[in-house]
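Subject: Handing over the structure

Dear colleague,

I am passing on the structure that we talked about, and below it I have set out what was found in it. Please keep it open beside this message while you read.

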Amino acid sequence: MDEVPHDCPGVGSAQAGRGASCQGCPNQGLCASGAGAAPDPAIEEIKEKMKTVKHKILVLSGKGGVGKSTFSAHLAHGLAEDENTQVHQSGSGWSPVFLEDNLGVMSVGFLLSSPDDAVIWRGPKKNGMIKQFLRDVDWGEVDYLIVDTPPGTSDEHLSAVQYLAAAHIDGAVIITTPQEVSLQDVRKEISFCHKVKLPVIGVVENMSGFICPKCQKETQIFPPTTGGAEVMCHDLKVPLLGKVPLDPRIGIQEFCSLRQPKGENLVGS
C-alpha cells in the first residue's frame with residue numbers, strides 16, 4: 001500500500017508535496033499540485049449536488065481482501081432496512097441503478113461493455129471518475145451515501161476526501177481482520193485519516209472467528225495474536241464498532257450478483 005510519511009505536513013498545508021518528508025512519497029505530485037493552487041470548481045459543484053444527501057460515509061482499509069465491498073453492501077442494505085439494470089443519463093446527470101425503491105448503486109462496472117473487462121487507468125483518469133460519480137450522479141433525496149474505496153492511502157482517497165470535505169463528510173468506517181498483518185496497514189489508514197482531518201467513525205473487525213454451522217464450534221481462522229482490533233482501538237483511542245464473524249450465509253445471499261468491481265463504488269440509501 002502507499003504509506004503516509006510519519007511527519008507528513010498534510011494535504012491542507014502550504015508545504016504539501018514540498019516538504020523534506022514528501023520526497024519519495026507516491027502522492028507527492030498530487031499534494032504539490034493542490035498546495036496554493038486555485039480551488040477545483042468541482043468542489044463547489046459537488047457541495048451543491050450533495051445537499052440532498054444527509055450522511056456521507058467512506059469505507060476504508062489499508063489492507064486488501066478484508067471485506068470492504070461486502071461490508072459496504074451489508075451496511076447499505078441494513079440502512080435501507082429492507083439485486084441489475086443499465087445506468088441512464090438524464091438532464092440532471094447519471095441515474096444510479098436502484099435495487100430497491102430506497103437503495104441505489106453507482107459503479108464503474110456498470111459502464112463497462114463486459115463484466116470481464118479490466119479497468120486499466122492511471123491516477124488522473126480514476127480521480128476524474130470519482131469527481132463524476134460525486135458531481136454528475138443524480139442521487140436525489142437520500143439519507144446515506146456509502147463510498148466503497150480501494151485499499152491503501154493513494155490519490156483516489158485524497159480525491160474523495162477533498163471533493164467531499166466541503167459537503168460535510170461524516171467520516172470513515174475502517175475495516176480490518178484480526179491478524180497483525182492486517183492491523184499494521186490499518187494503523188497507517190487511521191494515521192492517514194488524522195492527517196487529512198477525516199473523522200474516524202470507528203473500526204469493524206471483519207472475519208472475526210468462524211462458527212461451524214454443524215458443530216457450532218468457533219475457530220479462529222485469523223488468530224488475533226496481538227489482541228486484534230480491540231487492543232488496537234484502545235491504543236489509538238478510536239471506537240470499535242463491532243466484530244463480524246465469517247458466515248457461509250453471506251455467500252449464499254449473493255450480493256456479488258451486483259458485479260461491482262472492487263473499489264470506487266457508491267451506494268445511496
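How many helices and strands does the secondary structure of the protein come to? There are 8 helices and 11 strands, where helices (H or I, at least four residues) and strands (E, at least two) are DSSP runs, numbered from the N terminus. Please bear in mind that this is a predicted model, in which local features need pLDDT of at least 70 and side-chain atom pairs count only at pLDDT 80 or more, while totals for chains, interfaces and linings use all residues. Residues are numbered from 1 along each chain as its sequence is written, and side-chain values use heavy atoms, with hydrogens and water left out.

Surface and interior

Of the 269 residues in the protein, 45% are buried, a word that stands for under 20% relative accessible area, with exposed meaning over 50% and partly exposed in between (1.4 Å probe, protein chains only). The accessible surface comes to about 13800 Å², and carbon and sulfur atoms account for 53% of that surface; such areas come from the Shrake-Rupley method with a 1.4 Å probe, and for residues only the protein chains shown count as cover.

The largest nonpolar core has 41 residues, and those that touch the most other members are M50, L58, W139, I174, C193, L198 and V203. By a nonpolar core I mean a set of buried Ala, Val, Leu, Ile, Met, Phe, Trp, Tyr and Cys residues joined through side-chain atoms within 4.5 Å. Apart from this core lies another, of 8 residues, including I57, V59, I146 and I175.

Helix α3 (residues 68-80) has 13 residues, and from its first C-alpha to its last it reaches 18 Å, close to the 18 Å expected at 1.5 Å a residue; the expected span is 1.5 Å times one less than the number of residues. Its buried residues are K68, S69, F71, S72, A73, A76 and A80.

The buried residues of α6 are E180, S182, L183, D185, V186, E189, I190, F192 and C193, and what covers them includes β1 (53-60), α5 (155-165), β7, β8 (200-211) and α7 (228-236). Just after α6, K197 takes a positive phi of about 60°.

P178 is placed in the loop between β7 and α6, and P178 is buried, with a relative accessible area of 1%. Leaving aside neighbours within four places in sequence, P178 is in contact (heavy atoms within 4.5 Å) with residues that include L183, M207, F222, P223 and G228. The C-alpha atoms of P178 and G228 are separated by 4.5 Å, although these residues are 50 apart along the chain. Q179 lies in the loop between β7 (171-176) and α6 (180-195), and Q179 is also buried, at a relative accessible area of 17%. Not counting residues up to four places away in sequence, Q179 touches F222 and P223.

Positive phi values

M207, in strand β8, has a phi near 55°, a positive value in a residue other than glycine, and M207 is buried, with a relative accessible area of 17%. For Q216 the phi is near 65°; Q216 lies in the loop between β8 and β9 (218-219) and counts as exposed at 52% relative accessibility.

An aromatic pair and a hairpin

The count of aromatic pairs comes to 1. Rings of Phe, Tyr and Trp (its six-membered ring) pair if their centres lie within 6.5 Å, and planes under 30 degrees apart count as stacked, over 60 as edge-to-face and the rest as tilted. W94 and F133 form an edge-to-face pair, 6.3 Å centre to centre with 70° between the planes. Because W94 lies in strand β3 (residues 93-95) and F133 in helix α4 (residues 123-135), the pair ties together parts that are 39 residues apart in sequence. Both W94 and F133 are buried.

Lastly, strands β4 (residues 97-100) and β5 (residues 103-107) pair in the antiparallel sense over 3 bridges, where pairing requires that DSSP finds at least two bridges between two strands. β4 and β5 form a hairpin with 2 residues between them, and F98 stands opposite G104 in β5.

With best wishes
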